[in-house]
Amino acid sequence: MEVDLAFFAELLAHTLSFWWVIIPTIFLGLIVGAIPGFSAANTIIILLPLTLAMEVEIGLIFMIALYCASRMGAGIPAILVNIPGTAGAAATPLDGYPMTKQGRGQQALAMSFVASTLGGLLTTIIALAAMPMLAEVGYYMHAVEMIVVMLFGISLIATIAAKDTLKGLIAGFLGLMIGSIGSDVVYATPRGTMGFLELYDGIPLIPALVGLFAVSEAFIIIEKSSIITEEGRATMQKPGWGATLEGTFLALSKWWHITWTSLIGLIIGVIPGAGASIASFVAYQQSRAFSKTPELYGTGHPEGLIAPESANNGVTSGTLIPLLILGIPGGATAAIMLVVLQYHGVDFGPSLFFQQPELAYGVFMAMAVTYALMILTILPLSRYMSRVTLVRTVYMAPVIIAFTLVGSFVPREYLFDLYLGLAFGVIGYIARKTGYHVAAILIGVILGPLLETYFLRALKKSEGDLMTLFSSNLGNILWALLAASILLPIFIDRFRKPKPTDAAL
Amino acid sequence: MNETELDKNQPKRSVGGELVLPALGVLFTLYYFTTIIDSPWTAQVSAFFIGAVLLSLSLVFFIKTGLAIRRGTARLSFDTLFSRLDISSGRLALLVITLSYAILIEWGGFTISTFIFLFLAMTVLNKGNSKGFIAALSAVLSLGGYLLFIFTFETHFPRGPFETFMELVLSNGS
């Protein structure tokens, strides 16, 4: 079969004919993405009997649609109630939630949907065009290069610490220390587990996410009758589509920002083991570093919302590239897709593109169609979704606690995780009340163990020689980029500030 | 008026609460070090580095806070963390109810425990008003949760008498 424009046109028409699978799956994906503890991976596992019984093509479209929609769904509670549905949306509330508090929740949702869709669509098209080249990225990313990628994400702690450096760094390093709990990757020596067997595998992310963001937030919001300000409430109560259109046009006007931050997501997504959380932290940090208005980040700045949302959707297409070309899944959901498709007798690797091009290219076509249908179905809903913020906190807080705490139980089914979620809730509450940033703690908890794993791998391989960190060309380029992304904004900032003598004149 | 006098006229900042997280961090780091002291270097290298930085940062913070208290610009009180507002707003009661929920769910199962939790928490926060509405809302939410998570998704949520009963009913008692 010849792969040309006519082939792609036919594939598009064929994929569109499965709208009846895609649209209901989008709504399912939005729900599972929005609830902490649930994810596309968990849902595909739960629905495995159904997925295996479907025809291979329908099963594949179902999994892809669920994957894309759950990624977008995770951003909805992050924006509206400061609770990221998954770790991949952990950077979204940094600017999304302040927008909601100002009564701009509807606008923020519209921006997030547009950024997610454009980011996802764009990276899908790039993935289609440059698949073989992108697949090789994984080959060049070894432990040393991954250490630098992690440091890109961790340097966000320093950005968050900008307002109160000492407290920001204490929060970040406390997170890194908590993230060090569990067995070491080489000899499996248990460390800091306080005797709990449940912590031998390390700190599970969902209870940390639920506790630090959701539970602590619930205990804070009860101080006021509503989570939004009086002015914000007045704005929200004026019904209309204006805010949706405003958010849509605002996001579209930032098309270049969406483009480069989604590319960060695509490249990080291609690297096996990396994921949406790293991509969104890195994209947020880079977005702020090169912004003309970095001081607005964290106050409800549109670019601070667009960057993580387009990046984490860029990851979705990235994770499927090594799966299709090399048979190596780029993430948990891709790994489950691998199992399902292998059950149906699909062989991965370059031959897939010659033997079954409609299936290989169909994956990305399904993704593109899902994103296109998703924006059409979800954008009008932003007006109604944002009204959840008008619910009184006396009702909202208990619901948040009940459903997120139970959500922390779901991934491992340990009641211990419920208590852990509560413990993180107390830590998060203390942090919020005393001026420490919970996002800095969470970055440490998420990226700390990954950084340690790659660091140990690099040291083990080089027999303890620290100079190995500077032994590869690509690694050195990344080190230089890291240094530039940290130092350049400082220099630019100094350059922009008027000299005292000028002011005096 | 010199700078020190100006500082003394300012209201003193309450800093006790700000010391809690660094103090917890220090205690945890010291405990962590005791668990890896005899471990291979692979288990130690990263933790010693992170722990040393955290201890140093906390030490600097303690000294800075101590100096602020000595200068008279800060006071060692915990009212940012605990105050009468925690009792009047129902926050303390909510914490107790949440802890009881986490304990009860093991035996009561998801649906019954969630209903009791939602009813009690909303009633306390709403100062005992609209009990009928709260009861109905709690019932709808807990049953909705049962239908979505346990019945539809077959999630392994904590099971109790209600879930067992429903399982029997749905399988026609067989």
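A residue counts as partly exposed when its relative accessible area lies between the 20% under which it is buried and the 50% over which it is exposed. By that rule A:Glu413, at 39%, is partly exposed. Keep in mind as you look around that this is a predicted model.

**Chain A as a whole**

- Chain A contains 26 helices and two strands.
- Of its 505 residues, 62% are buried.
- Among the contacts in chain A with a separation of 6 or more, 79% join residues 24 or more positions apart.
- Carbon and sulfur atoms hold 67% of the accessible surface of chain A, which totals about 19000 Å².

**Where chain B meets chain A**

- The contact draws on 62 residues of chain A and 65 residues of chain B.
- About 5600 Å² is buried between the two chains, and carbon and sulfur atoms supply 81% of that area.
- On the chain B side, the residues that lose the most area to chain A are B:Leu21, B:Arg91 and B:Phe153, which together make up 14% of what that side buries.

- The rule finds two salt bridges between chain B and chain A.
- One of them pairs B:Arg91 with A:Glu223, with 2.8 Å between the closest N and O atoms.

**What the chain B side is made of**

- Helices H2 (20-36), H3 (41-71), H4 (84-88), H5 (91-125) and H6 (131-152) of chain B each give two or more residues to the side that touches chain A.
- H5(B) gives the most, with 17 residues.
- By residue class, this side of chain B has 42 nonpolar, 18 polar and five charged residues.

**Two backbone details worth a look**

- Most residues other than glycine have a negative phi.
- A:Glu413 is not a glycine, yet has a positive phi of about 60°. In chain A, A:Glu413 sits in the loop between helix H22 (393-409) and helix H23 (415-433).
- B:Ser130 also has a positive phi, near 50°, without being a glycine. The loop between H5 and H6 of chain B holds B:Ser130.
- Because its relative accessibility is 40%, B:Ser130 counts as partly exposed.

Note on methods
Residues are numbered from 1 along each chain as its sequence is written. Chains are lettered from A and ligands numbered from 1 in the order in which they are written. This is a predicted model: local features need pLDDT of at least 70, side-chain atom pairs count only at pLDDT 80 or more; totals for chains, interfaces and linings use all residues. Side-chain values use heavy atoms; hydrogens and water are left out. Contact means heavy atoms within 4.5 Å. Buried area is the accessible area (1.4 Å probe) that two parts lose on being put together, summed over both. A salt bridge is a side-chain nitrogen of Lys or Arg within 4 Å of a carboxyl oxygen of Asp or Glu. Helices (H or I, at least four residues) and strands (E, at least two) are DSSP runs, numbered from the N terminus. Ala, Val, Leu, Ile, Met, Phe, Trp, Tyr, Cys and Pro count as nonpolar, Asp, Glu, Lys and Arg as charged, and the others, Gly among them, as polar. Buried means under 20% relative accessible area, exposed over 50%, partly exposed in between (1.4 Å probe, protein chains only). Accessible areas come from the Shrake-Rupley method with a 1.4 Å probe; for residues, only the protein chains shown count as cover.
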